[in-house]
Amino acid sequence: MALHLRSSSSLLKSTLLNILRQNLGFGSRSHVTRHIRQNLPHDPPLRGSRNPIRRFCNTVAEPETLSSFGQHEDASNHQVMDFPGGKVAFTPEIRFISESDSDRVPCYRVLDDNGQLITNSQFVQVSEEVAVKIYSDMVTLQIMDNIFYEAQRQGRLSFYATAIGEEAINIASAAALTPQDVIFPQYREPGVLLWRGFTLQEFANQCFGNKSDYGKGRQMPVHYGSNKLNYFTVSATIATQLPNAVGAAYSLKMDRKDACAVTYFGDGGTSEGDFHAALNFAAVMEAPVIFICRNNGWAISTPTSDQFRSDGVVVKGRAYGIRSIRVDGNDALAMYSAVHTARGMAISEQRPILIEALTYRVGHHSTSDDSTRYRSSDEIEWWNKARNPLSRFRTWIESNGWWSDEAESDLRSRIKKEMLEALRVAEKTEKPNLKNMFSDVYDVPPSNLMEQELLVRQTVNSHPQDYPSDVPL
């Protein structure tokens with residue numbers, strides 16, 4: 001198909017040039033090309049864009065320019081082709097682009113492993129109130145993960161996935177955004193919801209799938225969503241949220257909104273076609289979207305060395321024409337500063353930004369996984385202690401006089417009590433009615449869906465012992 005389109009385009013262009021030469025008296029192909037360029041109207045800026053879209057006009061190299069090549073050995077050093085995207089220099093050498101640079105892209109960080117500010121660090125200042133909330137929410141996320149994980153192991157939940165080791169990416173990135181920014185998460189960003197005001201009770205309701213769950217029990221645990229908080233419901237299918245985020249960002253741009261779309265994904269998501277389609281779409285349409293990749297070293301049991309040969313994910317942005325940065329994902333202050341700066345650029349300049357956050361998944365991929373089967377316990381323990389995002393940020397806020405051991409003890413005690421109470425309430429709350437399995441799909445249910453509901457009810461009535469008794473029919 002692609003070859004057909006190219007040949008058709010070339011045929012159309014050649015036919016058009018011949019018609020102009022014959023009927024309008026142009027003497028050469030270059031004269032025709034020059035006339036077309038001078039008389040074609042410029043593309044108007046897209047409605048809703050803050051700045052006119054920077055488009056590059058297609059050009060045709062002129063014969064007299066091309067014929068000069070080869071007359072002198074160094075002619076190519078002074079010749080360029082005006083090609084879509086900018087001028088391209090010629091070279092007589094067979095020179096391939098290297099598959100990788102010898103020097104890897106550096107990683108931006110502000111706090112060292114001991115929580116001390118690095119000399120001459122550049123970062124966005126945060127107030128005491130914001131810094132304390134960042135740390136408090138990181139602690140809350142950690143406690144919530146531990147309690148839900150244990151509840152699943154006790155058979156009270158069907159599934160759970162923790163964000164242990166990645167708390168800074170969750171909370172610090174959320175702190176740098178505004179409530180108007182639209183979030184397209186994967187399944188390891190509950191901290192973004194937590195920052196925006198999602199309560200522990202709301203988390204528990206979703207995980208237990210009771211009648212207070214906004215998804216009406218139709219999603220598996222940790223697949224949260226909140227229309228009120230601009231947080232799109234999690235999809236288990238890897239990377240499908242990325243093109244959706246770009247579309248939403250383009251809509252925000254069309255409507256001149258002072259907001260951007262933000263989407264999260266893991267390093268494994270970059271192996272999906274949706275990742276590449278989304279980056280290219282965002283770059284071409286200049287959509288205000290921030291791509292945040294949590295490169296935690298593992299896509300379930302697949303290490304990054306088996307995912308790609310490139311220098312991580314950050315270099316992929318440049319290939320698509322997207323401004324990119326690599327950040328220490330376990331440094332909350334660096335994450336906050338990078339996302340805060342990226343948001344400003346995405347909105348003011350109407351452009352996509354790619355952030356690769358280097359981190360480590362300390363917990364198992366999910367409760368269905370045993371990560372010690374493919375990585376050592378020593379490796380996990382080292383990351384949990386030496387590169388722990390909570391202890392690093394706590395050291396920094398303590399050095400500012402904003403935190404204390406007493407505040408730590410009070411916070412952990414309070415959150416644990418609130419979490420256990422939320423768990424108790426959610427577990428005892430009635431399940432959604434069976435009819436919710438078939439609602440919210442069509443305005444008027446089609447006959448086949450009605451038949452399916454009837455069949456389910458008949459089956460439950462015939463074999464009641466095989467179905468949960470706490471689901472209202």
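**Entry 1: helix H9**

I began with helix H9 (residues 273–285): at 1.5 Å a residue its 13 residues should span 18 Å, and the end C-alpha atoms are 18 Å apart, which agrees. The expected span is taken as 1.5 Å times one less than the number of residues. The model is a predicted one, in which local features need pLDDT of at least 70 and side-chain atom pairs pLDDT 80 or more, while totals for chains, interfaces and linings use all residues. Residues are numbered from 1 along each chain as its sequence is written, and side-chain values use heavy atoms, with hydrogens and water left out.

I listed the buried residues of H9 as Phe 275, Ala 278, Leu 279, Ala 282, Ala 283 and Met 285. Buried here means under 20% relative accessible area, exposed over 50% and partly exposed in between, with a 1.4 Å probe and protein chains only. An α-helix has 3.6 residues a turn, so residues three or four places apart point the same way. The buried residues of H9 pack against helices H8 (241–254) and H10 (314–319), and against strands S4 (261–266), S5 (289–295) and S9 (353–358). Contact requires heavy atoms within 4.5 Å. After H9 comes Glu 286, with a positive phi near 50°.

**Entry 2: helix H8**

I turned next to H8, whose 14 residues reach 20 Å from first C-alpha to last, close to the 20 Å expected at 1.5 Å a residue. Its buried residues are Gln 241, Leu 242, Ala 245, Val 246, Ala 248, Ala 249, Tyr 250, Leu 252 and Lys 253. I noted that their cover includes strand S3 (182–184), S4, H9 and S5. H8 is followed by Arg 256, where phi is positive, near 55°.

**Entry 3: H4 with H7**

I looked up helix H4 (residues 128–153) against helix H7 (residues 200–208): they pack at an angle of about 30°, their axes 12 Å apart. Axes are lines fitted to C-alpha atoms, for helices over the stretch in contact, and angles run from 0 to 180 degrees between N-to-C directions. That makes H4 roughly parallel to H7, since angles under 35 degrees count as roughly parallel, over 145 as roughly antiparallel, 65 to 115 as roughly perpendicular and the rest as oblique. Thr 140, Met 144 and Phe 148 of H4 meet Leu 200, Phe 203, Ala 204 and Cys 207 of H7. Ala, Val, Leu, Ile, Met, Phe, Trp, Tyr, Cys and Pro count as nonpolar, Asp, Glu, Lys and Arg as charged, and the others, Gly among them, as polar.

**Entry 4: H7 with H14**

I then followed H7 to helix H14 (residues 405–428), where the packing angle is about 40° and the axes are 8 Å apart. H7 is therefore oblique to H14. On the H7 side the contact uses Leu 200, Gln 201, Ala 204, Asn 205 and Phe 208, and on the H14 side its residues include Ile 415, Glu 418, Met 419 and Glu 421. By class, nine residues are nonpolar, two polar and three charged.

**Entry 5: H5 with H11**

The axes of helix H5 (residues 167–175) and helix H11 (residues 332–348) come within 8 Å and cross at roughly 40°. The two are therefore oblique to each other. I recorded Ala 168, Ile 169, Ala 172, Ser 173 and Ala 175 of H5 against Ala 332, Met 335, Tyr 336 and Val 339 of H11. Eight of these residues are nonpolar, one is polar and none is charged.

**Entry 6: the chain**

Helices (H or I, at least four residues) and strands (E, at least two) are DSSP runs numbered from the N terminus. Of its 473 residues, 43% count as buried.
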